[in-house]
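I opened my notebook to look at how the parts of one chain hold on to each other. Here are my entries, in the order I looked things up.

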Amino acid sequence: MNLIQANKVSQEKLDYFLQSNPHMNKCSLLQKGYVVEIKGKIEGCFMLEEMEEGTYWLKQLYITQTEAAVLPVLLESILTMAKQQHAKRVYVHSHQPVVDILLEALQFHPQKERAFVNKIDQKDGNWWLYHVS
């Protein structure tokens, strides 16, 4: 599994992935995102956006159903990346119960107050926080 800045992969590979996943925001992905390459094929993507100094938001996390089993490893890799970027906190907004279970297992903490994310209109799902050490 390789995590590659989206703007550094071939346009052909990226277009193929986006055609199969039209709900992804191509513009944001190219500006701030990463793709998940497995066996030479793009199988997922995410954005790790700094919202405030030391505070990041893991957005648009997606992995294809065929590669869903790598999600725990992918999340751990993203947290390692966040640590390398000197993150202190990583927020995740989850829309799926199975992701909630995984986040809890990885020691993310559920959030009732949303700090910086109050500005963002996200009513459904659950917010989680991970303290990077």
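**Entry 1: a ring pair**

I began with Phe 17, which counts as buried at 3% relative accessibility. For this label I used the cut-offs: buried is under 20% relative accessible area, exposed is over 50%, and partly exposed is in between, with a 1.4 Å probe and protein chains only. I kept in mind that this is a predicted model, where local features need pLDDT of at least 70, side-chain atom pairs count only at pLDDT 80 or more, and totals for chains, interfaces and linings use all residues. I also noted that residues are numbered from 1 along each chain as its sequence is written, and that side-chain values use heavy atoms, with hydrogens and water left out.

Next I searched the whole structure for aromatic pairs and got 4. Phe 17 is in one of them with Tyr 62, a tilted pair with 6.2 Å centre to centre and 55° between the planes. The rule I applied: rings of Phe, Tyr and Trp (its six-membered ring) pair if their centres lie within 6.5 Å, and planes under 30 degrees apart count as stacked, over 60 as edge-to-face and the rest as tilted.

Which parts does this pair tie together? Phe 17 lies in helix H1 (residues 11–20) and Tyr 62 in strand E4 (residues 55–63), so the pair ties together parts 45 residues apart in sequence. I took helices (H or I, at least four residues) and strands (E, at least two) as DSSP runs, numbered from the N terminus. Tyr 62 counts as partly exposed, at 22% relative accessibility.

**Entry 2: another ring pair**

I then looked up Phe 108 and Tyr 130. Their ring centres are 5.1 Å apart and their planes are at 45°, so this pair is tilted. Phe 108 sits in the loop between helix H4 (97–105) and strand E6 (109–111), while Tyr 130 is in strand E7 (residues 126–131), so the pair ties together parts 22 residues apart in sequence. Phe 108 counts as buried at 2% relative accessibility, and Tyr 130 is buried with a relative accessible area of 18%.

**Entry 3: helix H3**

I checked the span of H3 (residues 71–84). Its 14 residues reach 20 Å from the first C-alpha to the last, close to the 20 Å expected at 1.5 Å a residue. The expected span is 1.5 Å times one less than the number of residues.

Which residues of H3 are buried? I found Leu 71, Leu 74, Leu 75, Ile 78, Leu 79, Met 81 and Ala 82. Down the axis of H3, the buried residues fall within an arc of 155°, so they line one face of the helix. The arc is that of the directions from the helix axis to the C-beta atoms. A reminder to myself: an α-helix has 3.6 residues a turn, so residues three or four places apart point the same way. After H3 comes His 86, with a positive phi near 65°.

**Entry 4: helix H4**

In H4, I found Val 99, Asp 100, Leu 102 and Leu 103 buried. They cover an arc of only 165° around the axis, which puts them on the same side of H4. On the other side, Pro 97, Val 98, Ile 101, Glu 104 and Ala 105 are exposed.

What covers the buried residues of H4? The cover includes H3, strand E5 (89–94) and E7, with contact meaning heavy atoms within 4.5 Å. Just after H4, Gln 107 takes a positive phi of about 70°.

**Entry 5: salt bridges**

My search of the whole structure found 5 salt bridges. I counted a side-chain nitrogen of Lys or Arg within 4 Å of a carboxyl oxygen of Asp or Glu.

- Glu 37 pairs with Lys 13, the closest N and O atoms being 2.7 Å apart. This links distant parts of the chain, with Glu 37 in strand E2 (residues 33–38) and Lys 13 in helix H1, 24 residues apart. Glu 37 counts as buried at 13% relative accessibility, whereas Lys 13 is partly exposed at 32%.
- Glu 49 and Lys 32 meet at 3.2 Å, N to O. Glu 49 lies in strand E3 (residues 41–52) and Lys 32 in helix H2, so the pair ties together parts 17 residues apart in sequence.

I also noted that Lys 32, Glu 49 and Lys 59 are linked in a network of salt bridges.
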